[in-house]
Amino acid sequence: MGLHPYCITPAGHAPGDATGLGGMPVVAVTAAGLAAWASEHAEPVPASVDAVRAHDAVIRSAMTPHVTPVPLRFGQWAASPAVLRERLVEHAARWSALLQEFAGAVEMGLRFDPLGPAATPAPGARARAASGRAYMEQLAARVHDRDAVERERTRLLERVEAALGDVALRSVSGASAEDARALWVAHLVRLGRAAEYRRLANRTGQEEAGYRMAVTGPWPPYSFAS
Amino acid sequence: MRGEDDQLSLAELVNRVLDRGAVISGDVVISVAGIDLVYVGLRVLLSSVESMRARGVER
């Protein structure tokens, strides 16, 4: 038996009758002024859509207007409550600071997907680079494309920050794994300003005609807990 | 449109839960229960598994 942990909260923030993966009851393991919400299982629970949803649901059940937990990544395992307590003591300073920062805040997300297909090299173009000159030309073209993508992503990110910087407490961003031209941005936003965030983000999306933009959230602050 | 929005929300959820969030120890072990993970989540999952294998972490 062991424990699947979901999130970190201040000590005394009780799970009540919350249930987690497989319908198992969620308990709080406490140490160093913190609580780790977890459920007990015979072995680590495999990832699935249902398990991912259940994990997120427990974290959301811990959120109140004044408490926003530190979300834990799925797939962690503690052999016993004693191990969890050790981890709480080990990370107490960092998690206490995050809890203070997260209190009353949520994560909002943006995703910009470019419209239209990416430029692709002509079939066999790379294979035809039999000469050194042709090879260097192809390499230069790939570097140019990559630089152009990077410049555009920077421009878009600056546009987003100009529109939403006053509403966001913190931001992180990155390129999509599927398409380097796609941009994702996560913002930490006070709960009371989430609607304002969504309005400003939608207006920004309408002004970027080359992209399909989506606003998601509110989320627990996964992107700021790593 | 609704189907696309639902799929996007699920992809965003899977990305966050499997690839972000705090880590309490050095190892994050994720096994796949089936093949019902959306493509984005599966890539994140496989990337996680492969990177763990490269570091010699086995369950």
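This is a predicted model: local features need pLDDT of at least 70, side-chain atom pairs count only at pLDDT 80 or more; totals for chains, interfaces and linings use all residues.

Colleague: What makes Glu107(A) and Arg16(B) a salt bridge?

Modeller: A salt bridge is a side-chain nitrogen of Lys or Arg within 4 Å of a carboxyl oxygen of Asp or Glu. Here the N to O distance is 2.8 Å, so the pair meets that definition. The structure holds 13 salt bridges over all chains.

Colleague: Why do you say that this pair joins two chains?

Modeller: Because Glu107(A) lies in strand β5 (residues 105-114) of chain A, while Arg16(B) belongs to helix α1 (residues 2-19) of chain B. Helices (H or I, at least four residues) and strands (E, at least two) are DSSP runs, numbered from the N terminus. Chain B has two helices and zero strands. Glu107(A) and Arg16(B) also sit in one network with Arg111(A), Asp113(A) and Glu12(B), joined by salt bridges that share partners.

Colleague: Which parts of the chain does the pair Arg155(A) and Glu208(A) link?

Modeller: Distant ones: Arg155(A) is in helix α3 (residues 132-164) of chain A and Glu208(A) in the loop between α4 (194-207) and β8 (211-219), 53 residues apart. Their side chains meet in a salt bridge at 2.8 Å, N to O.

Colleague: Why is Glu208(A) called buried, and what about Arg155(A)?

Modeller: Buried means under 20% relative accessible area, exposed over 50%, partly exposed in between (1.4 Å probe, protein chains only). Glu208(A) has 8% relative accessibility, so Glu208(A) counts as buried. Arg155(A), at 35%, counts as partly exposed.

Colleague: How do you know where Glu207(A) and Arg159(A) stand on that scale?

Modeller: Glu207(A) has a relative accessible area of 48%, so Glu207(A) is partly exposed. Arg159(A) is partly exposed too, at 25%. The two form a salt bridge, with the closest N and O atoms 1.9 Å apart.

Colleague: What makes Thr9(A) buried, and what is in contact with Thr9(A)?

Modeller: Thr9(A) has 0% relative accessibility, so Thr9(A) counts as buried. Thr9(A) is found in strand β1 (residues 2-10) of chain A. Leaving aside neighbours within four places in sequence, the residues in contact (heavy atoms within 4.5 Å) with Thr9(A) include Leu34(A), Trp37(A) and Leu99(A).

Colleague: Last one: why do β6 and β8 of chain A count as the edges of their sheet?

Modeller: Two strands pair if DSSP finds at least two bridges between them. The open sheet has four strands in the order β6-β7-β5-β8 (chain A), with antiparallel pairing. β6 (168-175) and β8 each have a single partner strand, so one side of each is left without a neighbour in the sheet. β6(A) and strand β7 (residues 183-190) of chain A pair over seven bridges. In β7(A), Ala186(A) is the bridge partner of Val172(A).

Methods. Residues are numbered from 1 along each chain as its sequence is written. Chains are lettered from A and ligands numbered from 1 in the order in which they are written. Side-chain values use heavy atoms; hydrogens and water are left out.
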